[in-house]
Amino acid sequence: MKEDKENTRPREKKVEIKCEDGEKSERPNKEKKETMTKIVIRRLPPSLTKEELEEQLQPLPEVDYLEFFSSDTSLYPHLFARAYLNFKNQDDIVLFRDRFDGYVFIDSRGQEYPAIVEFAPFQKVAKKRSKKKDAKTGTIEEDYKKFLEMYNGGDDEKLSSTPETLLEEIEAKTKELFGKLTILITQRIREEKKEERRRRELERKRLRDEERRKWREEEKRKRKEAEKLKKAEKVPEKDKDQSKEEQPKIKDRPAIQLYQPGARSRNRTGTGESQAGDKKIEREAKNTQKGEE
């Protein structure tokens with residue numbers, strides 16, 4: 001028997017709901033209960049046709065869908081036909097089942113086939129597709145006439161043309177295309193050359209700028225070194241001047257006065273003795289200074 005997509009059962013999707021902290025989760029029953037109105041009649045004779053089936057099912061209740069599938073010879077020896085019906089009124093299904101469930105169908109050879117009536121696994125019904133009428137149906141004669149008119153009347157020049165003239169036209173077109181192609185190639189080559197020149201000029205400018213920058217840095221470095229050398233030469237001269245200024249002259253140094261007993265009494269007694277004593281003290285101070293040096 002031929003397999004039908006309508007007879008395939010839809011796969012059920014299993015959904016697992018995890019619970020936390022031991023709480024029990026109740027799975028909500030969101031599936032709506034649909035009324036089953038579609039049935040299937042199985043084990044019909046293989047030689048049975050749709051018209052013969054409709055005749056034997058009369059009087060048939062109100063039905064909005066009837067599909068018949070003949071037997072498939074590749075499934076020998078299980079050669080059976082089947083039919084699908086969809087009732088508008090659900091109460092008619094029970095009456096139809098009581099009437100045709102186990103009903104014996106007899107084929108042309110006289111063989112008996114007890115039928116089985118049950119609900120179809122797939123309850124949906126295929127939609128009827130509206131067949132649009134082709135706009136070009138019945139216009140082949142008119143199209144052929146138009147073709148003959150165009151072929152005979154409008155194309156006299158093409159019919160009069162010879163193979164030589166066609167070759168000349170082809171050569172002229174190829175030359176024209178070749179000329180256009182050469183023009184495009186030359187333009188492209190010129191653009192590439194201009195781009196190459198521009199790139200070289202930019203590279204030269206960059207090198208010149210780099211050389212100038214290096215030269216400026218070198219000149220700056222040389223100036224700094226020269227300034228450092230000048231500062232280094234000036235420092236020892238300043239040190240010499242400071243050392244000369246810091247050394248006290250011998251004349252400016254104060255004389256060291258030695259304590260001599262009775263000097264004060266001499267000064268009091270007379271000026272002559274005091275002058276002699278002062279000269280003696282100066283002499284001794286000079287001698288001590290020379291000894292220190």
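F147 counts as partly exposed because its relative accessibility is 49%, where partly exposed lies between buried (under 20% relative accessible area) and exposed (over 50%), with a 1.4 Å probe and protein chains only. The model is predicted: local features need pLDDT of at least 70, side-chain atom pairs count only at pLDDT 80 or more, and totals for chains, interfaces and linings use all residues. Residues are numbered from 1 along each chain as its sequence is written, and side-chain values use heavy atoms, with hydrogens and water left out.

F147 lies in helix α3 (residues 140-154). Together with Y144, L148 and Y151, F147 forms a nonpolar surface patch with about 430 Å² of accessible area. Such patches take residues with over 30% relative accessible area and no salt bridge; nonpolar side chains (Val, Leu, Ile, Met, Phe, Trp, Tyr) are joined within 5 Å, like charges within 9 Å. A salt bridge is a side-chain nitrogen of Lys or Arg within 4 Å of a carboxyl oxygen of Asp or Glu. Accessible areas come from the Shrake-Rupley method with a 1.4 Å probe, and for residues only the protein chains shown count as cover.

The protein has 7 helices and 6 strands; these are DSSP runs, helices (H or I) of at least four residues and strands (E) of at least two, numbered from the N terminus. Of its 293 residues, 14% count as buried.

An open sheet has 4 strands in the order β2-β3-β1-β6, with antiparallel pairing. Because β2 and β6 (116-119) stand at the edges with a single partner strand each, one side of each has no neighbour in the sheet. Two strands pair if DSSP finds at least two bridges between them.

| Strand pair | Bridges | Sense |
|---|---|---|
| β1 (residues 38-44) and β3 | 5 bridges | antiparallel |
| β2 (residues 63-69) and β3 | 6 bridges | antiparallel |
| β1 and β6 | 4 bridges | antiparallel |

N86 in β3 is the bridge partner of K38, and Y65 also stands opposite N86. I41 stands opposite V117 in β6.

In strand β3 (residues 81-87), 7 of 7 residues are buried. On one side these are A81, A83, L85 and F87, and on the other R82, Y84 and N86.

Helix α1 (residues 50-57) lies across β1, β2 and β3, at about 135 degrees to β2. Helix α2 (residues 91-100) lies across β1, β3 and β6, at about 155 degrees to β6. Contact means heavy atoms within 4.5 Å; axes are lines fitted to C-alpha atoms, for helices over the stretch in contact, and angles run from 0 to 180 degrees between N-to-C directions.
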